Amino acid sequence: KKIEIAIDCPEDLSAPMDPALLEQAVGNLLDNAIKYSGEGTLVTLAVALDGDMVAISVADQGPGIERKHLDRIFERFYRVDQARSRALGGTGLGLAIVRHIALAHRGAVGVTSVPGQGSVFTIRIPHA
């Protein structure tokens, strides 16, 4: 799809974590961002200190998500668009897994999205 992935992560930023689990969570977010983005767009992975939390954000330029779906997208098997999700594959578990991994790190995951402009998914975990 010729999607560029930009990474913005300070080398000196760290947090107590299970690397394999956090890699799975970020991988799920990146996979979704790529899956739902159009050809030739940009996906950004950014990590920053936000107070006493480390914020790991994945931003895409995809179709965005209507507000009415935002409270439910981290539920198991919930799909915003059944037909499109089936066509793109997946189990409907990816975001639920991200949520559980964030919770296992004493953190949380959230999303901001504007239909037609894309979405930003952010995992927040304690800094230290």
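**Helix H1 and the rest**

Modeller: Take H1: Leu22, Ala25, Val26, Leu29, Leu30 and Ala33 are its buried residues. Bear in mind that this is a predicted model.

Colleague: How are the buried residues of H1 arranged, seen down the axis?

Modeller: They fall within an arc of 130°, so they line one face of H1.

Colleague: What covers the buried residues of H1?

Modeller: The cover includes strands S2 (42–50), S3 (53–59) and S5 (118–126), along with helix H4 (94–104).

Colleague: What span should H1 have, at 1.5 Å a residue?

Modeller: H1 has 18 residues, 19–36, so the span should be 26 Å. The C-alpha atoms at its ends are 26 Å apart, which agrees.

Colleague: What happens at the start of H1?

Modeller: Aspartate 18 has a side-chain oxygen within 3.1 Å of the backbone nitrogen of alanine 20.

Colleague: Switching topic. How many aromatic pairs does the structure hold?

Modeller: One. Phenylalanine 74 and phenylalanine 121 pair edge-to-face, at 6.1 Å centre to centre with 80° between the planes.

Colleague: Where do phenylalanine 74 and phenylalanine 121 sit in the chain?

Modeller: Phenylalanine 74 is in the loop between helix H2 (67–70) and helix H3 (82–88), and phenylalanine 121 is in strand S5. The pair links distant parts of the chain, 47 residues apart.

Colleague: Are phenylalanine 74 and phenylalanine 121 buried or exposed?

Modeller: Both phenylalanine 74 and phenylalanine 121 are buried.

Colleague: What about glycine 92, where does that lie?

Modeller: Glycine 92 is in the loop between H3 and H4. Its relative accessibility is 21%, so glycine 92 counts as partly exposed.

Colleague: What does glycine 92 touch, leaving out residues up to four places away in sequence?

Modeller: Glu75, Arg76, Phe77, Tyr78 and Arg79. Glycine 92 and glutamate 75 are 17 residues apart in sequence, with their C-alpha atoms 8.5 Å apart in space.

Colleague: Last one, the overall picture. How many helices and strands are there in the protein?

Modeller: Four helices and five strands, in the pattern β-α-β-β-α-α-α-β-β along the sequence. The radius of gyration is 14 Å, close to the 14 Å the globule rule gives for 128 residues, so the protein is as compact as a globular protein of that length. Of the 128 residues, 36% count as buried.

How values were computed: Residues numbered from 1 in each chain as written. Predicted model: local features only at pLDDT ≥ 70, side-chain atom pairs only at ≥ 80, totals over all residues. Heavy atoms only, no water. Helix = DSSP H or I, 4+ residues; strand = E, 2+ residues; numbered from the N terminus. Expected span 1.5 Å × (residues − 1). Buried < 20%, exposed > 50% of the residue type's maximum accessible area, 1.4 Å probe, protein only. Arc of directions from axis to C-beta. Contact = heavy atoms within 4.5 Å. Polar contact = N/O pair within 3.5 Å; in protein donor to acceptor, adjacent residues only side chain to side chain. Phe/Tyr/Trp six-rings, centres within 6.5 Å; stacked < 30°, edge-to-face > 60°. Rg over C-alpha atoms; globule rule 2.2 N^0.38 Å.
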